[in-house]
Amino acid sequence: MKFRNYLIAVISAFFLAMPVSGFAQAILTVSTHSTSQSYSLDDILSMPQTTVTTNNHYVEGSTLFQGPSLRYVLEQTGIKEDAMLRMTALNDFSVDVPASDAFKYDVILAVHQNGEKMSVRDKGPIWVIYPMDDHPELSDSLYSDRLIWQLSSISVK
Amino acid sequence: MISFGKLIRGVLLTLFLAAAIFGMSTVHELNGKVRSIQPSGQSDPLWVASQLQFELLRLQNDLGEFALGYKTSESIGLRFDIAWSRINIIKTGKLPRTLKTLGVSDEVVTNLKETFVEIEPAIAGLSAVSLSDEERVRLVENILAQLDGYDQKIRAFLLNVAHAKTDSTVEASASLLSLSNALRFLGVTIFSLILTFTILLLLDLRRARNAETAMRQLAKEASSAAQMKINFMTVVSHELRTPLTSILGGLSLLKRRLAGDAEDEMALKLIDVASRNGDRLLALINDVLDAQALEEGKVTINPERADLNEIVASAVESCQPYAERFGVNYAIDSQDTGLIALTDESRVVQVLVNLISNATKFSSAGQTVEIRLKKRGQKARIEVVDHGMGIPHEQQKAIFSSFYQVNPGTVSAIKGSGLGLNISQRLIELLGGTIGFHSVEGEGTTFWIEIDLLPDGDD
């Protein structure tokens with residue numbers, strides 16, 4: 001009996017430790033009707049980084065965000081400008097966003113806020129950021145609703 | 001009346017300006033109001049609060065399932081972080097300000113955050129490897145006990161936000177309504193102002209049109225006065241000419257008969273006076289008939305090759321009786337020969353006779369009237385120069401108009417019809433030439449005409 005408990009503990013410890021120590025954990029999935037691509041945080045950090053300094057309803061004053069541009073990420077999977085994207089967050093909340101936004105503006109998948117990684121508690125690990133300070137038309141509440149935090153997947157509708 | 005209209009216009013303009021300023025300020029206010037309504041969607045406090053409630057319930061639910069062994073401790077950790085992120089969203093950025101504006105206390109959220117800090121170690125403890133089923137259930141029960149009551153409190157918070165939002169919406173819609181009323185009032189005002197302006201404009205237009213009609217009528221009457229004078233004289237002249245011709249014919253026959261009988265010089269002189277005045281009367285009548293014919297465009301001209309030297313000589317000869325009567329001499333000055341023009345000889349003679357007889361009338365006895373003929377480029381210029389009293393400056397403008405007469409003063413006995421110069425001008429224009437004059441009062445007057453010459457090669 002005692003041995004069995006010990007065995008269970010060892011096995012579960014192995015499985016629990018696996019995502020941390022072994023394979024890098026996928027935090028973002030981008031899928032089209034035919035393909036699907038997963039990215040770990042390291043994958044995302046190794047992409048060309050874009051910085052955006054902007055204000056929005058959820059931060060105090062002008063804030064520096066950094067991450068790959070959404071355009072770049074979409075291009076990796078061959079998603080075109082006319083697509084409609086469904087962006088889903090960790091809590092299963094989802095919003096539909098036209099892909100043209102990414103081609104018209106420097107929309108980024110921010111992974112750094114003021115130089116630091118974002119935890120889930122602070123809308124991380126990925127927060128979709130629109131450069132609202134650079135384009136006055138983006139301050140419309142329509143775009144505020146597209147600032148999805150805790151982004152976990154992008155799929156073509 | 002005019003100052004009253006100006007006053008009304010000023011008042012209307014002021015009203016217009018006031019309406020425009022009021023309209024602009026209203027639109028500005030409306031703009032601000034509409035902007036303040038904007039928070040919606042994800043930044044709507046109601047939505048954010050309900051999301052907190054939802055995530056808290058999900059956390060509690062997952063904890064229960066974890067106790068039963070259905071969920072992993074990682075998923076509990078993720079739920080906990082997500083619920084925490086909801087607290088952070090209410091506590092940062094624009095939302096705290098929005099809640100403050102709505103007058104809703106977020107104390108419950110602050111308390112929840114403190115509780116979260118307290119249960120954080122316990123949540124982390126759930127992933128410990130050596131937990132027995134009983135220990136797991138006990139840990140979960142502890143956590144749930146600490147979270148107990150928050151669902152009710154957050155529901156109350158949600159209700160408060162909903163009420164506050166409804167109140168502010170009602171307030172906003174009331175103020176929007178008042179603004180829209182103001183706009184409606186403004187619209188009516190502007191419409192009525194425009195209407196008034198239009199009416200004023202139409203009245204002005206009507207007045208201007210009436211004035212124009214009156215002016216036109218006056219102008220018509222003025223121009224028809226001269227016409228009527230000519231018409232009247234034409235009728236009278238026609239009636240006069242026939243008997244006058246008989247009288248003149250009779251006089252000339254009588255004179256010829258008396259000429260053989262030199263005894264009665266007195267009778268001969270009387271007949272002379274009668275026939276001279278008869279001639280003058282006939283000339284007047286002819287003038288009137290000429291003027292009428294010119295007016296109606298009935299005068300025709302017959303251009304033929306004519307030597308201007310001959311024309312001048314013939315005109316001067318015709319005027320010789322005048323020269324004798326007034327004791328005036330004529331001097332012809334013509335250096336150029338062979339001045340040939342394509343023109344109507346009799347008309348040019350008529351004009352020259354008129355100019356020369358005028359010059360004669362305005363000269364004193366013993367003076368000389370000069371008639372000069374010279375070539376000027378492709379034109380011939382004929383000047384009739386007198387050394388009489390001249391034409392007063394203020395009368396020079398009107399000299400060519402019908403029935404105009406310069407008072408000859410000392411020689412008032414010789415009066416014309418006042419049509420001579422007018423007829424001359426029209427005839428010269430018909431012939432394609434020009435007529436003009438210059439005059440210095442007290443020194444004399446020069447009338448001149450210019451007529452196109454035929455090119456030399458045509459000889």
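Take helices H10 (residues 345-361) and H11 (residues 420-430) of chain B in this predicted model: their axes come within 10 Å and cross at roughly 150°. Here axes are lines fitted to C-alpha atoms, for helices over the stretch in contact, with angles running from 0 to 180 degrees between N-to-C directions. Helices (H or I, at least four residues) and strands (E, at least two) are DSSP runs numbered from the N terminus. The crossing of H10(B) and H11(B) is left-handed, a label used if the near helix is turned anticlockwise from the far one by less than a right angle. On the H10(B) side the contact (heavy atoms within 4.5 Å) involves Arg347(B), Gln350(B), Val351(B), Asn354(B), Leu355(B) and Asn358(B). H11(B) brings Gly420(B), Leu421(B), Ile423(B), Ser424(B), Leu427(B) and Ile428(B). Sorted by type, the residues of this contact are six nonpolar, five polar and one charged. In that sorting, Ala, Val, Leu, Ile, Met, Phe, Trp, Tyr, Cys and Pro count as nonpolar, Asp, Glu, Lys and Arg as charged, and the others, Gly among them, as polar.

A quick word on bookkeeping: residues are numbered from 1 along each chain as its sequence is written, and chains are lettered from A and ligands numbered from 1 in the order in which they are written. As this is a predicted model, local features need pLDDT of at least 70 and side-chain atom pairs count only at pLDDT 80 or more, while totals for chains, interfaces and linings use all residues; side-chain values use heavy atoms, with hydrogens and water left out.

Now for the place where the two chains meet. There, 29 residues of chain B are in contact with 25 residues of chain A. Together the chains bury about 2200 Å², 49% of it on carbon and sulfur atoms; that is the accessible area (1.4 Å probe) that two parts lose on being put together, summed over both. Between chain B and chain A there are ten residue pairs in polar contact (both at pLDDT 80 or more). Helices H2 (45-67), H3 (73-91) and H4 (95-102) of chain B each supply at least two residues of the side that touches chain A. H3(B) gives the largest share, twelve residues. By type, that side of chain B divides into eight nonpolar, eleven polar and ten charged residues.

Side chains of opposite charge can pair when their charged atoms come close. A salt bridge here is a side-chain nitrogen of Lys or Arg within 4 Å of a carboxyl oxygen of Asp or Glu. The whole structure has 24 of them over all chains, and the count between chain B and chain A is three. In one salt bridge, the side chains of Arg121(A) and Glu120(B) meet at 2.8 Å, N to O. In another, the closest N and O atoms of Arg58(B) and Asp92(A) are 2.7 Å apart. Arg58(B) sits in H2 of chain B and Asp92(A) in the loop between E5 and E6 of chain A, so this pair joins two chains.

Elsewhere in chain A, the peptide bond from Gly124(A) to Pro125(A) is cis, with omega near 0°. Pro125(A) is in the loop between strand E9 (116-117) and strand E10 (127-129) of chain A.

Note on methods:
Polar contact = N/O pair within 3.5 Å; in protein donor to acceptor, adjacent residues only side chain to side chain.
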